[in-house]
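I opened this model to look up how its parts touch. My notes follow, entry by entry.

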Amino acid sequence: MDEEQLDLKAGARLLVTELRRQWVSLSLALFAALLWTIARLAIPVVIGATIDNAIDLPGGVDLDLLLWFAVAMLGLAALQGGGASMRRYFAMRTSHRVEADIRMQFYGSISRLSFDFYDKTATGQLMSRASTDVHEVQMLTVMIPINFAFLLMAVGSFIVLAFIHLWLALLGLLVYPMVTIITVRFFNKLFPATARVQQGLGELTSVVEENIAGGRLVRSFGREDHEIAKARKVADQIYDDNMEVARLRTIYGPLFFLLPTIGQLTILAYGGWLALEGELSAGEFVAFFQLLNMLIWPVQGLGEMIASGQRALTSAARIWNILKEQPTVRQRPHATSMPDGTGEIEFDHVRFSYLPGQPVLRDFSLKVPAGTSVALVGPTASGKSTVAQLLPRFYDIEEGSIKIDGVDVRDLKLQELRSNVGLVFEDTFLFSDTIRNNIAYSNLDATEEEVMKAAQLAHAAEFIERIPEGYDTVVGEQGYSLSGGQRQRIAIARAMLKQTRVLILDDATSSVDARMEEEIRNALRIVMEGRTTVIISHRVSTIALADQVVLVDQGRVVDMGSHVDLLSSSSRYQEVLGQVDVRA
Amino acid sequence: MMWRGTGGMAEQRQNGTGPEIETTHVIRPLLGLLRPLWLMSGVAIVSISIFALANLGRPIVIQRAIDDGIIEGNADAIVMASIWFFILGIIIYIVQAISTYVVTWVGQQVLRTLRMRLFSHYQRLSMSFFDKENSGRLVARMTADMNALSDVLNSGFLMIVQALFLLIGAIILLFLLSWQLTLISLIILPPLVIATMIFRVYSERAYDAVRDRIADVMIHMQENFAGMRVVQAFAREHHNEQQFDRINERNYEANLRTVRISSMYIPFIEWLGGAGIAIILYFGAGAVFGIDVSVGTIAAFVFYLNFIFQPIQQLSQVYDMIQSGFSALKKIFGLLEIEPDVKEAQSPAPLSLPVQGRIDLDEVTFGYAPELPVLEDVNVKIASGQRLVLVGPTGAGKSTLAKLMMRFYDPGVGSVLLDGQDLRKLSFKDLRRSVIMVPQEGFLFSGTIRENIMFGRPDATEEEMIQACRSLGVNPFIEALPEGYDTAVSYRGSRLSAGEKQVVSISRAFLANPPVLILDEATSSMDPGTEAIVESAIRTATEGRTSIVIAHRLSTAEHAERILVVNDGRIVEDGSHAELVNAGNYYTSLYDRWIQHDRKPG
């Protein structure tokens, strides 16, 4: 998914749709923003009015009026506080709701996609969308109400200022364009710079992870200095990028302070002169000072929102690119349940390719009678693993048909089909969960005894019971690390726990050492009884388990028979099994 | 036995994070880091304090403008005030720029030094340390802890100095303006401080919950995206979607909880601010309690209120930041204090050249935990140029033997000798030039295949590298990869198969051309073509030098000069294939089984 096309309009549509869904909460946030703004604007006006009407009087202070003003002040403060709190609450509620909804949609959408999508998309890509991009959208959403308030505040404060003194107000506006330009420019420069810092930190993490993971090699080859140099390069880069951010802040940060100060200075000098002339009262002068801040300060917020809005749109477009993906394997409208039967498999003139024009299977035909087993043998890239992936319909074929018990897999309900085909992959994926739950993954209703029975059969029980927490040990990426062979034994136990009609073992014992494999083989023999089994393996002993061996080459069945028969009759079979001694 | 396996077991025994160290022990090394930067640190503190003072001066200027200028009708006072206001503005502008830059500079210098010190320390530590420690935790020292420290250095430090100056300065100035009005106004201070403290406690708890919940969300997504094929193969999409829905909603709820807490705090604080203004207006002008201050003073009081509210809220924020910064520093310095178990000799003995490659294990007893010996009283003499194969069941101690020869560990009793010299007396440089190991899983560093092979001898030329691959017979194999020697690989997401990784790994060691080569065969089965290439590469690589191969296939043992059978930490059989096959012991039974099931007649 490199060089992806970003449709900003579609991103905007996604944002609007999500916001519309939260309209109640969003409207409440905007209403609260209005209340908050009114209170904020009123406070300086009341301060000014208090000074002029109750304090700075020729005849001294008017105590009664002063008390009323003080009470009004308390009321406005309460309104301001209430408004702020309500605005924040509903803004956060809206934004986190949007965040959770998008994440859920994203997750659901990925769950529904087919294997071809996972083949072309890295997990990291999906994660960065589900975390960084969703976060960007949330950040924009949460800013909407306060920026609405900022807009009102800027307009409102200008109107109030204009009422007090039009020319003075216009003078205050002078710095406006400058602040706007600087703000937008600053944030547009700042974001890429901080993104570079983040990227550098990510790189450093990889360097450290890799260094620790490969620690033995580094020591073995005495390459510590080389590693240190590698880390230093990244650390220096982080330093440089951080200093670039510092430079931006050094240039722009003080400007955000200086420009309002110029505005204030104007008010102080010109306003002070006006006050001397009698055109402005002392109260108005004080009010002016505070209102001017409210005129200028929102610009910074708006500038930040413009920059953040651009990023959020890009992020939304990136999310949309995943949401719009359609699964290539879809359940047909009138799909049927699994037919009665014991797992007869038939591949009929199947043609399939992962990439257009490069067929992996061409005219592949094979019939496996119910309850029997077949081993697929063939050189690398002959298409044998593909056969295993097509049976549970992870991909759809181009020509021909694949039938289980006489029904085309495309006419079956997808979930039911897959629940009836057990699969053990070459590299076993374990979830960060207990060993028990990983084994019971295939069958959520399995009892404790059933889980242990399966583990025993797969010769997993012996090592599980030796680990301190036994079946409760958490494994997976964050948990206890198991060896490849141990993982495979768990996967075999997982497949044994569920009585599926068809069982596929795709190089399922490749990481188990030879002695252990011999023991597991007995277990496999038990499990295979009465089930249709497809075995893919390089090990002669495992191949010999099957009733029938099929030699696959270049996407076709080229020979078939028992292991012993093929050994004597097929030179290609001998060659594939490595019997022609390359050492000779 | 796999490398990871041992690591895992050891980790269970001792789940340590390094020694806990006292807070006072953090101060000293921290000051040590800052000492070379004392000038800039000083500049930072001075500029921040000037910043605070200049800010505090502004309300005074406005007060003068109002009282002496507007109320008294004095134009000169307004001009003076404007000039002062301008000067203060310029000062603030300058010191703000200086402090922003200098504070970041000091912080980044410290961080860079600390990052490199930690990384270099990781290079010095022994393998025994990495067996005990969870690697995730070691990475976290470099990421999460450094970030916590970075927050303190970049903004925490600045905020504290600034907030303290502003708060203390504002209160002093208020007292000078009118101590009576100040005393009354400060009524709002206790509720402000108490409310802020209570809020901190609750919101910190709520934010902790958010951190946990969002981590749940990320872990679940990461795992399901990576394992979606398995999820679909077991038809678990719906079940997992429901599960994610719950996790996702819990995260939403945790987020809302933080908002609810601040929804109670914020209106109170804002109202308190309004109450402060009301108090100033009423008591300041009201002549109640005999207080009667000027209009300008009232205005100044209103402005100064901000200098009290903001710093208190800031200080409470910084408090948590400082705490996590300190605990991060404790962990980092704690780690830096750990000494490697396997240390290089102070004055290493010279190794006479050329290295013969004679290895002797002399009455070696060793266990990862001293009370659980993995090897007991092992005596082996490996002649120069001998090709030795280690055979034995999983967990017998074969890999441990190899690790002792690499000096990843030192034996508890006895000694390991190279050309008659105890490994403990040799320099790391000599040792590592002489003994090189090819690990089982064929570890690849991020980079190209070329870079990975050159890792063995960085000063090798392109021709030498290709020549090495050619003599191993793996050249066509590598060239068949999508981009040949330029194929990008990474230690994680590499698409290379186990066999392909092994090929690169062997080439890397072969290029380094060590007198002694230790090779841990891959256990996983490969397709026959690759397996043949790997086997022939191993044969070539071990030719003409001392080699120790940990065999997982008996086809490897079949052709060895000498086989050692290791069982239960002891050498139980020693001899050639022909001798052992007929001895009727462990090796014989192993071989018979293999002949029956797996052997490919040749």
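**Entry 1: a salt bridge between chains**

I looked up Arg112(A) and found that it forms a salt bridge with Glu241(B), the closest N and O atoms being 3.7 Å apart. A salt bridge here is a side-chain nitrogen of Lys or Arg within 4 Å of a carboxyl oxygen of Asp or Glu. Between chain B and chain A I count six salt bridges.

A note on the source: the model is predicted, local features need pLDDT of at least 70, side-chain atom pairs count only at pLDDT 80 or more, and totals for chains, interfaces and linings use all residues. Residues are numbered from 1 along each chain as its sequence is written, chains are lettered from A and ligands numbered from 1 in the order in which they are written, and side-chain values use heavy atoms, with hydrogens and water left out.

**Entry 2: chain B against chain A**

I counted polar contacts next (N or O atoms within 3.5 Å; within protein, one able to donate a hydrogen and the other to accept it, and residues adjacent in sequence counting only if both atoms are side-chain atoms). There are 31 residue pairs in polar contact between chain B and chain A, both residues at pLDDT 80 or more.

Which helix gives the largest share of the side of chain B that touches chain A? I found helix α11 (residues 237-286) of chain B, with 29 residues. Helices are DSSP runs (H or I, at least four residues), numbered from the N terminus.

The contact (heavy atoms within 4.5 Å) takes 150 residues from chain B and 145 from chain A. The two chains bury about 13,600 Å² between them, 66% of it on carbon and sulfur atoms. Buried area is the accessible area (1.4 Å probe) that two parts lose on being put together, summed over both. In chain B, Phe225(B), Arg229(B) and Phe234(B) lose the most area to chain A, together 6% of what that side buries.

I then turned to the domain assignment of chain B: domain 1 (1-177 + 317-339), domain 2 (179-292) and domain 3 (359-597). Such bounds come from an automatic or database assignment. The contact takes five residues from domain 1 of chain B and six from domain 2 of chain B.

How much area is buried between domain 1 of chain B and domain 2 of chain B? I read about 560 Å², with carbon and sulfur atoms giving 65%. Leu174(B), Phe175(B) and Asp320(B) supply 70% of the area that domain 1 of chain B buries against domain 2 of chain B.

Key. Helix = DSSP H or I, 4+ residues; strand = E, 2+ residues; numbered from the N terminus.
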